[in-house]
Amino acid sequence: MTLASFSLLLFAVFSSAAGQIMLKHGMRAAATAAEKSGGSLAVRAATTPWVLVGLAVFAVSAVAWMSTLARVPLSVAYPFNALGYLLIVLAGSTLLHERTSPWTWAGSLLVVIGLVTVFAGQRS
């Protein structure tokens with residue numbers, strides 16, 4: 001795998017995770033606003049800046065993912081999606097102040113071990 005392909009893969013994964021975090025933040029705000037005013041959650045979501053930006057970032061990540069798939073074998077690219085899981089757990093815990101259990105962290109560690117194993121297998 002070339003450095004350019006690896007960079008594109010990481011961009012796709014990181015931007016997907018960033019989009020998901022933005023969507024979560026925006027939907028939390030939209031749900032709170034809808035509860036307070038009694039309005040529609042769908043309308044609030046469609047007018048919440050974090051939701052709109054999150055959707056745009058997620059769309060960019062989808063294009064980057066398709067470009068990645070054109071260059072990188074699926075058996076290599078797809079395991080890297082698990083890196084997005086780890087990023088989301090970290091961001092959910094630190095940025096969104098969500099509770100995470102030791103089991104969640106243990107599972108995340110296993111994901112990292114799996115990614116290292118896949119990547120090491122490509123280098124040999």
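Helices are DSSP runs of at least four residues, numbered from the N terminus. The legends below describe close-up views of a predicted model.

**Figure 1. Val 118 lies in helix α5.** Helix α5 covers residues 102-123. With a relative accessibility of 23%, Val 118 is classed as partly exposed. Beyond residues up to four places away in sequence, Val 118 touches Ser 75, Val 76 and Pro 79. Pro 49 stands 69 residues from Val 118 along the chain, and the C-alpha atoms of these two residues are 37 Å apart.

**Figure 2. Phe 6 and Phe 80 form an aromatic pair.** Phe 80 is counted as buried because its relative accessibility is 6%, and buried means under 20%.

**Figure 3. The largest nonpolar core of the model comprises 16 residues.** Leu 9, Val 13, Phe 80 and Leu 83 are the residues with the most contacts inside this core. Helices α1, α3, α4 and α5 each give two or more residues to the core. The greatest contribution is that of α4, which supplies six residues. In soluble globular proteins, nonpolar side chains tend to be buried together.

**Figure 4. Val 13 is shown with its contacts from elsewhere in the sequence.** When neighbours within four places in sequence are set aside, Val 13 is in contact with Phe 80, Asn 81, Leu 83, Gly 84 and Leu 87. Val 13 and two of these partners, Phe 80 and Leu 83, are among the residues with the most contacts inside the largest nonpolar core.

**Figure 5. Helices α1 and α3 cross in a left-handed manner.** The axes of α1 and α3 come within 7 Å, and their crossing angle is roughly 160°. The two helices, α1 and α3, are therefore roughly antiparallel to each other, because angles over 145 degrees fall in that class.

**Figure 6. Thr 68 is a buried residue of helix α3.** The relative accessible area of Thr 68 is 1%. Residues up to four places away in sequence being excluded, Thr 68 touches Leu 8, Leu 9, Ala 12 and Ala 77.

Technical notes:
Residues numbered from 1 in each chain as written. Predicted model: local features only at pLDDT ≥ 70, side-chain atom pairs only at ≥ 80, totals over all residues. Heavy atoms only, no water. Phe/Tyr/Trp six-rings, centres within 6.5 Å; stacked < 30°, edge-to-face > 60°. Buried < 20%, exposed > 50% of the residue type's maximum accessible area, 1.4 Å probe, protein only. Core = buried A, V, L, I, M, F, W, Y, C linked by side-chain atoms within 4.5 Å. Contact = heavy atoms within 4.5 Å. Axes fitted to C-alpha atoms, helices over the stretch in contact; angles between N-to-C directions. Parallel < 35°, antiparallel > 145°, perpendicular 65-115°, else oblique. Left-handed = near helix turned anticlockwise from the far one by under 90°.
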